[in-house]
Structures are given as C-alpha cells and as structure tokens.
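Please keep the sequence and the coordinates open side by side while going through the numbered points of this note. They begin with confidence and end with the packing inside the fold.

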Amino acid sequence: MSAAYPPINPPLPSSGAASRSAKSGVWVAMFAITMTFAAFTSAMFVRQGSADWIHIAAPPILFANTVLLLLSSFTLEFARRAVRAKTQPLSAAELRTPRIAVSFTLLLGLAFIAGQYLAWRQLAAQGFFLASNPNSSFFYVFTGVHALHVLGGLAALVLLSFRIFQRNPRLAALPGVSLYWHFMCALWLYLLFIICTRL
Amino acid sequence: MDPALQPQTHVHAPPQGFIRKYVFSLDHKMIGKQYYGLALVSVFIGMILSWLMRLHLVWPNTKIPGLEAIAKTGAPGGVVTPEFYLSLLTMHGTLMVFFVLTNAPFAGFGNYFLPIQIGAEDMAFPRFNMMSFWVTFIAFVALIAAFFIPDGPPISGWTAYAPLSAIGKDAGPGLGWGQNLWAISIAIFCVGQLLGSLNFIATTLDLRAKGMTFMRMPISTWAWFLTSCIGLLAFAVLLPACLLLILDRMAGTSFFIPSGLVVSDRLQNHAGGSPLLWQHLFWFFGHPEVYIAILPAIGIVSHVLITSMRKPLLSAKVIIYSMMSIGFLSWMVWGHHMFVSGMNPMSSLLFSFPTLTITIPATIITLIWLGSLYGANIQINSASLFALGFISMFVSGGVSGFFLAQPSIDIYLHATYFVVGHFHMVMGVAAIFGILSGTYFWFPKMTGRMMNETLGQLHFWLTFVGTYCIFMPFHYLGLVGNVRRYSSFVDDFMPALMPLHKFITIAALLTGAAQLIFLYNLIYSRFRGKPAPENPWNGTSLEWSVPSPPPWNNFGGAHPVVYHDPYQYGVKGQSGDYVMQTSPEKIPSE
C-alpha cells in the first residue's frame, strides 16, 4: 500500500502556501492576544472597585509614540502593497521602495519602544512605580506586555529586512508580518484609550 | 495523481543526526512522542504522590523509605507531615491536569496524528512546534524543582487560590520559592500550549489534502481542532493571570491581596486587591481546561469505536456539532466553581443554567455512541475495551455533575469528597481511558509493533474495576460530609468512615500497581512486539494508508487525495468491509 504514494523529490515548496500559513498563524495569534488583553482589562474593571484607585495622568510622550507607531504601520503597508503588485522574483528597481519602507518601519518601531521607555522613566520620576498604586501597576502591565508583543514584531521585521536586502528575496512572510504590525498599532490605540480614560 | 494539486509548506529536510532526530526534532511525530513521554513520566510521578496522600490519610505514621531524602522538612524520618500532605495534593493536581490530561490526549496524540489524518506532511510551523514542546519541558522542570528546594512545593492546591498563593512565605511552607516556581512553571506552560494551539489551528485550516473538506475530517481531528481553539483562548487568559500573580508575589503589587490582611501575626504590605479576581480569571481558564482534557478523549474514543464496530455512527456530524456546542458553552460556566466564594447569589443562578445546558450535548454524544453500539458486532480488544470503559466513566462521573451544577445542592457538597469523586471520574479517569484507548489503537502505527493483547485486556479489567473501587466511594464520603483537603479526620463521625478510606487506599495501591502491566507492555512491545502491518485494524482514515511507522514526511513526498467521508464501514470495498478515504473506488451509498 505504501507504494500508493510514489516519492517525489524534492517536495515542491510554494511561497503562496507559506504566505497563507503565516497569515493564518497571525490571525490565530491575534485572537489569543485579544483574549490576553481582555483578561487584563476585566481585571482592571474588577480592581477599580477598591477605594485605593487613584487617577494618574498619562505621560504626554505617549501621544508622540502613538504617531510613530501609526506612521510605521503606514510604511509597512506601503512595502506590502509594493511587493504584492509585482510577480516574483522582484528586480532590484522593484525592490527599492519596499526596502526603504521596511527599513523605515524598523526604525519607527525601535523609536516607539524607546519612547515607551521614556514614558516609564517620566512616570518613575514622578514617583509612580509598578507597585505604587493599582493604576500605575496596570499602566506598567498594559504598556509592558504590549511592548513585549511589539518586540516580537520587531524581531520579525529584523528577519524580514535581512531577507529583503538579499538578491531574489523570499518575502512570503511580509503579509503576515504587516497584519501583525497593524494589529499592534490597533491594540495600542485601544490601550491608549484605556490609559487616558480609566487609569 | 497530480502532485501540484496541493502545495505544502513543509520544506525542512530529513533529519540527520541524533540531536535533530530525537531531541530538537522538527518532525510532528517525534514531538508527539515527546509530549506523550513527558505525560507518561508525569502520570507516574502524580500517581506516586496520590499513593503517599492515601497512605497518610489512613496510616498517618507510615514511614516511607527514601522520602526523607526528597523532603527533609516535609517528611522527617519518612513520615508525611500535614503540611507536606498539602504539597503532595498541589503537585498531584498540577502534574495531572497540566502535564498529563493536557499533554497526552491533545498535544501528544494531536501532534502525531492531526497532520497525518488531514494529509499534511507536517505542522504549519514546525519550529514553533519544537519550541512548544521544549517550553513545556522547561515548565515541567521548573515545577518539579519545587521538590528540591529547602522550602518545598507549594500548599495552595492546583487552583492556587489567592491570597494564600499571593502573599509569600508568611503564609506557610512552600509558599515562598515553591509557589514562585509553580507560578513561573504554569506561565511557561501557557506559552507552550499557545504555540501548540496556534500550530494545530493553522495546520487544520491551511494544510488539508485535496478533497479533505472539513466534514471529511475524522472525529478525532475535529476534536483536536476544537480543543486547540479552546486552548488558544483559555491559556491566553491563564497566562496574564499568572503574570499578575507573579507580580503580586515578587514585585509588591496588589492585584489579588486585600487590605488589612494579617498572616502569621504580620500585617501584609498590600492593599485593595481582590481575591475573587484570581478565582474569576483562574476558572475562566479552568473550566474550558476540563474540555481541553475531555474533548480529545471523546474524539479518540469515537474514532476507535467506529473502527471496532465496523459500521458508521448514527451520526458523526451530530457528534461534531455537539462538541462545538460543548466548546462554546464551556466559556459561560466558570462561575459554577465559585458558588460558595461569596459571589452574588444571583450570578450563581446565571452560571447554573448554562452548566446544566452542557449536559444536553454531552448526553447526545453518549446516546449516539450507545445507539450505534446497539446491534453492532463490536470487535473486543484492548483499544475498544478502554473506549467502552470511557463511556462508562463519562456517564458515571457526569451524572454527579447534575447535582453539583445546582447552587442549592452544591452549597452542601462543595469542598467535599463528592466533588473529588465527580471530577476524578468524569475528567481524570475518563480522559485517561481515552489516552489508553488511543495508545492501544495507535501504538502499531507509532512504533511498527503490536502491543500484547492479553496483557492489554488484563490491564483494562484491573484498571476499570480498580478505578470504580477508588472513586465511587468518594461520592458516598462526600454525601456524609467528609471534607476534602484535610490531612486527618478527627471529628466524631469520622472513625466510622475509616474502614472505607482504608478500602480506597488499598484499591488505589493495587490499581496503581496494575499500571506497571501497561508500562511493561509498552516497553516490551516497543522492542519485542509482533511487527505491525500498515493497517492492523482495517481502518479507513489517512494514518492507515502510510507505513507503520510513517516515514519522516508522512506520505513519501506525495500528496494524498481524499475521496470519501472518514468512516466508510459496512460497505463492499475492494479490500473488505471498508473503503479507505484515499481509495478512488465508488461507493453506491454515497
């Protein structure tokens, strides 16, 4: 019976299928991450009932960081569209735009993380540390866990930039990475709303 | 067969060398076996812990040789202290629920057989898959390490209720670094399960062979797929809960610790937290976890039963829809673990209703099995016996759920042995029967050798009778008011219950010893068993269309095409009373 499947070597890799899997993987991960932040949010609503709930003013630098993250989302989308329209493999001229766009995304993403770090420093300078009060605890938890997820996205972007600067790069992961990056951006907008209105 | 019909993402090369082949393997089959092996180690450790607990309950002064070496303070001179009893209880529950009931039926068998049953060469993300096992292994090491630190393992139970679990070493032995290790271990475990679930879902969505529509997937594949959907969302909630617990313990935050808490004569430096919050977050994960353990077992048992009955189920589709409704309802019932927690009594009613509703799909599944068994000429072997035993356990354990689901009755029965009997039968033993049924069924495929039938059937009868002897009396103990988690019974009404407790302990020792038969059979058959043919049970699904054991890329680089629904039994096929999914022959009834 085993002869029913004659060996075909090597198996045919298909960038179409790889890209589809990467994208479904990101969709699935998005459900899990949404659930995680829903859990944090509901914990925050329960914790709000206590008498020691003290409002803290969000560090203004958060808004600048938001602009950086939004911009990075645009640049990555730019790269994705530039690659999507072309038949692979891409020529050096066709790769120019996506190369620049991905590099900018990477820089903006790093700048966002640096900005978040500055926000923590500002808050700490005011005397708000992780355990100072429930609001500052939630602030650090929300922004910290989000930053960890952004770092995951940055790791993927670093790999992607290594690839995109090669000749005939395999860019199957690009749609998945950009989907994840947009999600990080949307998630941040939600968190910013929560931080400004609830904490 | 056109090889270009179904492109695959599997591009990693055949493994070379020991490390890539057996340790950091990317092959889903090896990873499945690693999960199974880890579960096997965990189940024996968990079982030994339960022996120690049972011995302590009835003969508290028993000296256990060698125990002092592991637990100097917990068991001075080899005699278990009341505090160490609680440590044993915590570690038994944690090992069994996480490292056995989640690892074996879902991660173990699922990893091995899901890709083969849908005709894929591997999982969608083989590297994530490898990571998921090794992350789980690290979680296991972190948990077991709690035995070997001076503090000892935590005493807060597998549910780690706050504030006991959140305040640190003031609260008792094991609640310093022991509890830290527990929380870190479970957080890491969550990461492993999330990676695994993500892989299962993406694989099922994207890598099905040509012709493998969703409704042509075997029930076992459906079960693993639905379980991974539940696991993805459930572990995504337990992970943040553990993170908050770790912050409370190590960073001084107050998520779960209320104001003004005095423990061991010391005012705790925390304020405003909510212990109920931990219970909500934990059980929001914890109840779906029950279905993470039982759904794969339902899938495996259905798969085994159909093959043994040689005829289709009354309706495989309704079983799949029922599993979906169980999965959906599992998100609305977490509060039934908290009827006496001080939560609003009105919400108890709200949680009671969906809990009772879950019995409907569960009953439908059972009735479909029983209705299909009626008049079936079932082939009796170790695998089908354990499948039948599963139905028995599932019903016996499930019926007591009717009582516990009602707040008015639960207030009386809560935290008694009735609850312990209930969940051990319906979740613990039933899922173990599912694992054992799957083991006897798929062992030939996984190793290329048959297991010994005589030993298998002996193992079944000893285990079946033994587990009833252990867990049925628990219900009676609970009804007369015997409280769980107590390490000794000093109330006036207790002496009359001691003979029953002694009977349970002896039954537990014997039933546990009977598992050595299984272990022997497993190891002996692995090396000396009769060589297995490709399709020893005349099955129809894709795993029986490849050699035993399957080659590293499952289908030898080819892409299978699926022509039929998964269970074409009782038909006139070319090779007997069945037609395989991959066989292009026509079936008149289709």
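1. Within chain A, confidence is highest in helix H4 (residues 134-164), at a mean of 95, and lowest in helix H1 (residues 15-47), at 88; this confidence is pLDDT, the predictor's confidence in each residue on a scale from 0 to 100. Helices (H or I, at least four residues) and strands (E, at least two) are DSSP runs, numbered from the N terminus. The model is a predicted one, in which local features need pLDDT of at least 70 and side-chain atom pairs count only at pLDDT 80 or more, whereas totals for chains, interfaces and linings use all residues. Residues are numbered from 1 along each chain as its sequence is written, and chains are lettered from A and ligands numbered from 1 in the order in which they are written.

2. Chain A has an average pLDDT of 87, with 89% of the residues scoring at least 70. Over residues 1-15 of chain A, however, pLDDT stays under 50, and for this stretch the model has 31 contacts beyond four places in sequence, a contact being a pair of residues whose C-beta atoms, placed from the backbone, lie within 7 Å. Where pLDDT is low, the predicted coordinates should not be read in detail.

3. Chain B is divided into domain 1 (26-257), domain 2 (341-528) and domain 3 (539-590), with bounds that come from an automatic or database domain assignment. The C-alpha centres of domain 1 and domain 3 of chain B lie 36 Å apart, and 15 residues of domain 1 of chain B are in contact with 17 residues of domain 3 of chain B. On the domain 1 side of chain B that touches domain 3, helix H4 (residues 82-118) of chain B gives the largest share, four residues.

4. Two cis peptide bonds deserve a look in chain B. One joins B:Ala162 and B:Pro163, with omega about 0 degrees, and B:Pro163 is placed in the loop between helix H5 (126-145) and helix H6 (177-206) of chain B. Another runs from B:Ser548 to B:Pro549, with omega near -10 degrees, and B:Pro549 lies in the loop between helix H15 (498-528) and strand E3 (568-573) of chain B.

5. That loop between H15 and E3 of chain B also holds B:Asn554, whose phi is positive, near 65 degrees, although the residue is not a glycine. Is B:Asn554 buried or exposed? B:Asn554 is buried, because 25 other C-beta atoms lie within 10 Å; the cut-offs are 20 or more such atoms for buried, 12 or fewer for exposed, and partly exposed in between, with C-beta atoms placed from the backbone. B:Arg310, likewise not a glycine, has a positive phi of about 60 degrees, and with 18 C-beta neighbours inside 10 Å B:Arg310 counts as partly exposed.

6. Strands E3 and E4 (residues 576-579) of chain B pair in the antiparallel sense over three bridges, where pairing requires that DSSP finds at least two bridges between two strands. A hairpin of two residues joins E3(B) to E4(B), and B:Tyr569 has B:Tyr578 in E4(B) as its bridge partner.

7. Finally, B:Leu232 is in contact with residues of both chains, among them A:Val28, A:Phe31, B:Leu194 and B:Ile201, when neighbours within four places in sequence are left aside.

Conventions:
Two residues are in contact if their C-beta atoms, placed from the backbone, lie within 7 Å.
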